[in-house]
Amino acid sequence: MSRVADQFPDDVPDLPELVSAERAGDLVWITIQRPEVMNCLSFPTLRRFRTLLEELREDLSIRCILITGAGERAFCAGADLKERRTMPDEIVPRFVENIRGLMDDVEAMPQPTIAVIGGFAFGGGLELALACDLRVVAAHAEMGLTEVSLAIIPGAGGTQRMPRLIGKSRAKELILTGRRIDAAEAELYGLANRVAPEGELRETALEIARSIASNGPIAVRAAKDAIDRGVELPIELALEHEAGCYERVLGTTDRLEALAAFAAKRKPVYKGE
């Protein structure tokens, strides 16, 4: 049994149809397949999603992962509140642990991740996007950490990841008011890396993913690690961590290929070795 499976009650099924993984060369699209409920995160959806990530993190031939939601209305509208209303009290903590666990799994992926936001991203849906490395947003999308309007707080990392991304003052404004913002304001605040023109969301996200995938994959993973772990450390320790990450690329054949390609004035062919 997988490590993820141990974290779910026995009666929570693993249903492949809830979250799909589509390979496209060295990229993978992960899609939440619940458009009828705005791609909400139910217990079975969390299990399928976390199981997929557990499998994909071991495949280092994957150079970038794009995460999105099916349909045109929503990326993800957070926890499935209909399910939560009928959930026994003793099971709720397990659900909360797993929704937090999903965000932690996404953040810990060795491959870069891009949230491709084609509609609403509220509550846990925005927390999912915050756990990704980058966010590409459709021009008509809306997002917000709206939990206080339901008398709860963002409990899957939102109170920690948002201020680290956009600053404490702006994060407090959005979290304490529960205000929803549009794509243009998300870009202004630094929540969105790119706002895609209408009808061009997928291609805009792919442009970034392909740009990432064209680089040395070991170097990309090392750079991600250097940033993620180093940014919270004192500068002296952060620089030590960066040096350790740099050492990981020195003995790679990709580094030698880069030098050879530069000398030959050709495009390098990286193999992740």
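Predicted model: local features only at pLDDT ≥ 70, side-chain atom pairs only at ≥ 80, totals over all residues.

Visitor: What makes β5 and β7 a pair?

Guide: Pairing needs at least two bridges between two strands. Four bridges join β5 (residues 113-117) to β7, so the pair qualifies. The two run parallel.

Visitor: What makes β7 and β10 a pair?

Guide: The cut-off is again at least two bridges. β7 and β10 (residues 194-196) have three bridges, in the parallel sense, so they pair. Ala138 stands opposite Ala196 in β10.

Visitor: Why is β7 called largely enclosed?

Guide: Four of the five residues of β7 (residues 134-138) are buried, so the rest of the structure largely encloses this strand.

Visitor: What order do the strands of the open sheet have?

Guide: The open sheet has four strands, in the order β4-β6-β8-β9, with mixed pairing.

Visitor: Why are β4 and β9 called edge strands?

Guide: β4 (74-76) and β9 (181-182) each pair on one side only. At the β9 end, two bridges join β8 (residues 142-144) to β9. The cut-off is at least two, so β8 and β9 count as a pair. They run antiparallel. The bridge partner of Met143 in β9 is Ile181.

Visitor: Which helix lies across β4, β6 and β8?

Guide: That is α4, which runs at about 95° to β6 (120-122).

Visitor: Why is α4 called oblique to α5?

Guide: α4 (residues 124-131) and α5 (residues 158-166) pack at an angle of about 50°, with their axes 10 Å apart. Roughly parallel needs under 35 degrees, and roughly perpendicular starts at 65. The angle falls between these cut-offs, so α4 is oblique to α5. Their crossing is left-handed.

Visitor: Which residues make that contact?

Guide: From α4 come Leu126, Glu127, Leu130 and Ala131. From α5 come Gly158, Arg161, Met162 and Leu165. The residues of this contact divide into five nonpolar, one polar and two charged.

Visitor: What makes α1 roughly parallel to α3?

Guide: α1 (residues 43-56) and α3 (residues 92-108) pack at about 30°, with their axes 10 Å apart. The cut-off is under 35 degrees, so α1 is roughly parallel to α3. This crossing of α1 and α3 is left-handed.

Visitor: Which residues of α1 and α3 make the contact?

Guide: α1 supplies Phe43, Leu46, Phe49, Arg50 and Leu53. The α3 side includes Arg94, Phe95, Asn98, Asp105 and Val106. The contact of α1 with α3 divides into eight nonpolar, two polar and three charged residues.

Visitor: Why does Thr146 count as buried?

Guide: Thr146 has 12% relative accessibility. The cut-off is under 20%, so Thr146 is buried. Its place is in the loop between β8 and α5. Thr146 touches Phe122, Gly123, Gly178 and Arg180, not counting residues up to four places away in sequence.

Terms used
Residues numbered from 1 in each chain as written. Heavy atoms only, no water. Axes fitted to C-alpha atoms, helices over the stretch in contact; angles between N-to-C directions. Parallel < 35°, antiparallel > 145°, perpendicular 65-115°, else oblique. Left-handed = near helix turned anticlockwise from the far one by under 90°. Contact = heavy atoms within 4.5 Å. Nonpolar A, V, L, I, M, F, W, Y, C, P; charged D, E, K, R; others polar. Buried < 20%, exposed > 50% of the residue type's maximum accessible area, 1.4 Å probe, protein only.
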